[in-house]
Amino acid sequence: MKVVLFGATGMIGQGVLRECLLDPEVTSVLAVGRASTGRRHEKLREIRHGDFTDFTAIADEFAGRDACFFCLGVSSVGMSEAEYRRVTYDFTVAAARTFAEQSPGAVFVYVSGQGTDSAGRSMWARVKGETENALLGLPLRAFLLRPGYIQPTHGARSKTTLYRLAYAVIGPFFPVLSRVFPRQVTTTDRLGRAMISIARNGSPKRVLETADINAL
């Protein structure tokens with residue numbers, strides 16, 4: 001299975017990359033980003049790309065791929081709707097459209113978020129909802145993951161200092177949280193394995209909540 005991965009330097013992407021490199025059925029991973037992952041592995045190849053609204057220059061690299069795992073994202077805190085839309089909607093849809101042109105019918109897994117709703121009151125929920133709708137309209141087998149709380153595992157780290165501190169505090173209590181709120185919390189490695197499972201076997205649901213992710 002040949003995979004394209006966006007957002008490999010972020011916390012979720014780090015976890016997904018780890019699981020891809022560990023899985024024997026994933027034969028190659030093409031990581032597309034603005035910065036290097038710093039990883040070296042025989043299955044991993046990286047492309048540095050600057051303009052995430054236009055992938056024309058590297059479109060050929062998406063041909064013949066089985067799946068695209070889109071883990072790129074930012075927090076909406078402190079951002080205007082226009083800024084957040086550019087990263088969340090414009091970047092995602094540009095990548096998906098190019099991927100669909102080069103590998104029509106392939107799997108596209110998008111990390112959305114719990115509470116996403118194109119008609120919701122929250123700005124981030126609306127923008128993510130519109131992004132989901134756009135993906136479902138493309139000639140791809142799009143699957144939308146809506147995780148709640150995500151605990152980083154196996155060395156995955158958030159780029160945001162405040163988040164890293166929060167994860168460090170919550171980490172020792174995560175086993176308890178998992179038992180008390182099993183339908184609300186997951187981990188970076190579970191997300192990665194769920195994506196690989198979807199790419200391999202599909203899923204009866206196109207929109208997967210935390211419980212669905214953990215079940216996979």
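Let's start at His-154, which sits in the loop between strand S7 (149-151) and helix H4 (161-170). Helices and strands here are DSSP runs, numbered from the N terminus, with at least four residues of H or I for a helix and at least two of E for a strand. Before we go on, please keep in mind that this is a predicted model, where local features need pLDDT of at least 70 and side-chain atom pairs count only at pLDDT 80 or more, while totals for chains, interfaces and linings use all residues. Residues are numbered from 1 along each chain as its sequence is written, and side-chain values use heavy atoms, with hydrogens and water left out.

Back to our histidine. Is His-154 buried or exposed? His-154 counts as exposed, at 53% relative accessibility. The cut-offs are under 20% relative accessible area for buried, over 50% for exposed, and partly exposed in between, with a 1.4 Å probe and protein chains only. Leaving aside residues up to four places away in sequence, His-154 touches Arg-18 and Asp-189; a contact means heavy atoms within 4.5 Å. For a sense of distance, His-154 and Ile-47 are 24 Å apart in space, C-alpha to C-alpha, and 107 residues apart in sequence.

Those two neighbours lead us to the charges. Side chains of opposite charge can pair when their charged atoms come close. We call it a salt bridge when a side-chain nitrogen of Lys or Arg is within 4 Å of a carboxyl oxygen of Asp or Glu. Arg-18 and Asp-189 both belong to a network of salt bridges, together with Glu-19 and Arg-193. Asp-189 is buried, with a relative accessible area of 11%, whereas Arg-193 is partly exposed at 42%.

Helix H6 gives us another pair. Which residue forms a salt bridge with Arg-200? That is Asp-23, with the closest N and O atoms 2.9 Å apart. Asp-23 lies in the loop between helix H1 (11-22) and strand S2 (28-33), and Arg-200 is in helix H6 (residues 188-201), so this pair ties together parts that are 177 residues apart in sequence. Asp-23 is buried, at 16% relative accessible area, and Arg-200 is partly exposed, at 33%.

One more pair, please: Arg-146 and Glu-132 meet in a salt bridge at 2.6 Å, N to O. Here strand S6 (residues 141-146) holds Arg-146 and helix H3 (residues 123-136) holds Glu-132, 14 residues apart. Both Arg-146 and Glu-132 are buried.

Now let's zoom out. The count of salt bridges comes to 12. The chain has 7 helices and 9 strands. Its radius of gyration is 16 Å, close to the 17 Å that the globule rule gives for 216 residues, so the chain is as compact as a globular protein of that length. That radius is taken over C-alpha atoms, and the rule is 2.2 Å times the number of residues to the power 0.38. The C-alpha trace spans about 45 × 40 × 35 Å along its principal axes. Of the 216 residues, 50% count as buried. Finally, among contacts with a separation of 6 or more, 66% come from residues 24 or more positions apart.
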